[in-house]
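Subject: Structure for your review

Dear colleague,

Please find the structure below, with the sequence alongside. My notes on what was found in it follow.

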Amino acid sequence: MSMQPDRIETQVTRDTWVKPIGITLQVHVVGTASVGSMAAVRKSKELVAIQDLMRGLGVGEDRIRIDSLTFAAGERWFSGSSVEIDLEIRDVPAQSVPEALGGLASLKGVSLRGMRREYGALSAERDELLRAAVAESMRQARLIADAAGLRLRSVHSLSQQWGEPNDDHDHAYPVARGVRAKLAVSADDMKGYQLVENHEGKLSLTVRMELRVGEFGDAAGGTESGGG
């Protein structure tokens with residue numbers, strides 16, 4: 001009965017800072033709609049003001065999406081209804097975020113609910129991290145095998161665990177509670193989000209590998225401890 005060869009296990013983590021392709025803003029609007037229709041809601045003065053502000057920052061109207069629309073309780077589908085709207089504003093350029101936040105803060109009935117960085121697929125960055133992590137795993141395995149007088153035979157298993165750039169917080173920009181405490185003011189007097197200039201996030205990868213090793217060389221050929 002043949003026995004499985006012994007194995008060497010390595011675990012390597014590599015990470016890199018990545019820049020977002022844009023910032024998504026989650027905005028809450030309290031206003032009025034002249035007629036009970038989506039077209040009329042789109043023309044409400046609050047949304048028109050937001051559209052004008054974003055257009056000046058290079059964000060088109062197609063990037064402003066209505067996530068939810070709520071008419072006031074007890075109101076019928078008729079003119080003059082009060083309404084609450086949750087908006088998602090996508091692809092705001094990172095360098096324009098301070099101006100966007102200042103403009104939104106100046107609009108009556110408009111409040112910021114959250115911000116999120118958007119990074120896209122990050123295909124090139126992921127490929128580079130994977131190559132680097134696997135290469136380092138193989139280097140460590142060869143070093144261990146050489147020190148133990150063993151011969152690498154083949155890869156038994158390989159697993160990947162990714163850490164995404166936005167995984168560090170529920171929101172990429174946490175509420176600035178530390179500022180409130182430092183200034184000794186009430187929560188109602190200090191509302192906002194922590195904001196940094198570079199907006200970068202960290203993409204990370206942990207690779208775990210198991211490699212078969214044997215005490216003697218394989219006459220049929222195999223992965224050598226000094227080979228690729």
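The exposed residues E99 and A105 sit on the face of helix 3 that is turned away from its buried side. Please bear in mind that the model is predicted.

Helix 3 spans residues 97-105, and its buried residues are V97, A100, G103 and L104. As background, an α-helix has 3.6 residues a turn, so residues three or four places apart point the same way.

What does helix 3 pack with helix 2 through? Helix 2 covers residues 45-56, and its axis is 10 Å from that of helix 3, at a packing angle of about 160°. Angles over 145 degrees count as roughly antiparallel, and helix 2 and helix 3 are therefore roughly antiparallel to each other. Their crossing is right-handed. On the helix 2 side the contact is made by I50, L53 and M54, and on the helix 3 side by A100, G103 and L104.

A separate point concerns E9, which belongs to strand 1, residues 7-18. E9 is partly exposed, at a relative accessible area of 44%. Beyond its neighbours within four places in sequence, E9 is in contact with R208, M209 and E210. With R208, the E9 side chain forms a side-chain polar contact of 3.0 Å. The C-alpha atoms of E9 and V155 are 10.0 Å apart in space, although 146 residues separate the two in sequence.

Regards

How values were computed: Residues are numbered from 1 along each chain as its sequence is written. This is a predicted model: local features need pLDDT of at least 70, side-chain atom pairs count only at pLDDT 80 or more; totals for chains, interfaces and linings use all residues. Side-chain values use heavy atoms; hydrogens and water are left out. Helices (H or I, at least four residues) and strands (E, at least two) are DSSP runs, numbered from the N terminus. Buried means under 20% relative accessible area, exposed over 50%, partly exposed in between (1.4 Å probe, protein chains only). Contact means heavy atoms within 4.5 Å. A polar contact is a pair of N or O atoms within 3.5 Å; within protein, one must be able to donate a hydrogen and the other to accept it, and residues adjacent in sequence count only if both atoms are side-chain atoms. Axes are lines fitted to C-alpha atoms, for helices over the stretch in contact, and angles run from 0 to 180 degrees between N-to-C directions. Angles under 35 degrees count as roughly parallel, over 145 as roughly antiparallel, 65 to 115 as roughly perpendicular and the rest as oblique. A crossing is left-handed if the near helix is turned anticlockwise from the far one by less than a right angle, and right-handed if clockwise.
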